Amino acid sequence: MSNNTDWMPGIRAEVLALAVRWDGVLAAKPDGVKTNAEAWGIPDAEVTGLHTLIEGAAELLTTVEGPGATATLREKCREAFEALEKAMRALYWYFSNPKFLDADRVLLGLHLHDRTPTPVPVPVTQCTGEAITAGLHLVETILGAYVNALSGDERARYGVRIYYGIMPQGGASVEEAAGPKHYLMKPPTTGEELPNSVFTRKHKHLFDFEGESAKTAYFCLRFENPSGGSGPFGPIFSAVIT
């Protein structure tokens with residue numbers, strides 16, 4: 001089966017045309033009620049972000065192709081298309097779901113999956129992340145860049161499992177560690193030491209740690225393929241719960 005790693009066009013005008021096509025398809029309401037983006041579980045922020053980036057890239061592309069192009073404008077254009085392609089690759093994460101219909105891929109101008117079954121490999125890339133304070137006792141994890149990219153098969157990076165644990169100030173007692181919340185006795189050094197986990201296919205996840213203020217939440221991420229095969233743990237990161 002082809003892994004479709006070459007789906008991104010190599011010419012800016014074609015990248016822009018594909019982005020414009022996606023913009024229209026995501027906003028369409030084939031059932032008259034839900035947009036395609038809503039039906040496919042794509043967050044509004046990602047759809048709006050794509051639309052905004054298209055407008056900026058289109059304007060700059062027209063400018064740099066004219067007689068008044070300067071080195072500064074060409075650099076801005078390069079940065080605009082770099083941001084647009086990054087947003088498109090983030091959206092492709094949703095489109096690469098094995099359950100995504102071929103008819104929808106045609107609508108989006110993407111290659112069809114061939115029908116020759118091949119095993120989905122276990123992920124070999126790491127997923128990084130960061131934790132930010134999103135409000136009182138709220139912590140949001142933001143999935144970051146891939147590092148040590150050793151495989152081009154995007155099917156292996158089907159989703160991400162977020163491992164997490166909470167440590168009271170000074171570390172948990174034996175009783176607290178053995179209790180229902182499995183508090184941490186010391187800062188973890190690997191994801192295997194984190195007692196809880198949640199799976200997501202989104203790029204952000206909000207945790208509500210009500211009643212845990214002043215404790216530290218630790219996180220570690222790793223990719224999973226559609227069968228639950230896990231890749232290597234990424235680095236540990238943390239945030240103090242407000």
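Two strands pair if DSSP finds at least two bridges between them. Strands (E, at least two residues) and helices (H or I, at least four) are DSSP runs, numbered from the N terminus.

This is a predicted model: local features need pLDDT of at least 70, side-chain atom pairs count only at pLDDT 80 or more, and totals for chains, interfaces and linings use all residues. Residues are numbered from 1 along each chain as its sequence is written, and side-chain values use heavy atoms, with hydrogens and water left out.

**The sheet**

Four strands form an open sheet in the order E4-E3-E6-E7, with antiparallel pairing. Strands E4 and E7 are its edges, and each pairs on one side only. From one strand to the next, the twist averages 25°. E3 and E4 run antiparallel and are joined by five bridges. Ile-162 stands opposite Val-198 in E4.

| Strand | Residues |
|---|---|
| E3 | 159-167 |
| E4 | 196-200 |
| E7 | 237-240 |

**Helix H3**

H3 spans residues 44-64, 21 residues in total. From first C-alpha to last it reaches 31 Å, close to the 30 Å expected at 1.5 Å a residue. That expected span is 1.5 Å times one less than the number of residues.

Its buried residues (under 20% relative accessible area, 1.4 Å probe, protein chains only; exposed is over 50%, partly exposed in between) are Glu-46, Val-47, Leu-50, Ile-54, Ala-57, Leu-60, Leu-61 and Val-64. They cover an arc of only 155° around the axis, so they lie on the same side of H3. The face turned away from that buried side carries exposed Asp-44, Ala-45, Thr-48, Glu-59 and Thr-62. Helices H1 (12-27), H2 (36-39) and H4 (71-95) are among what covers the buried residues.

Key. Arc of directions from axis to C-beta. Contact = heavy atoms within 4.5 Å. Axes fitted to C-alpha atoms, helices over the stretch in contact; angles between N-to-C directions.
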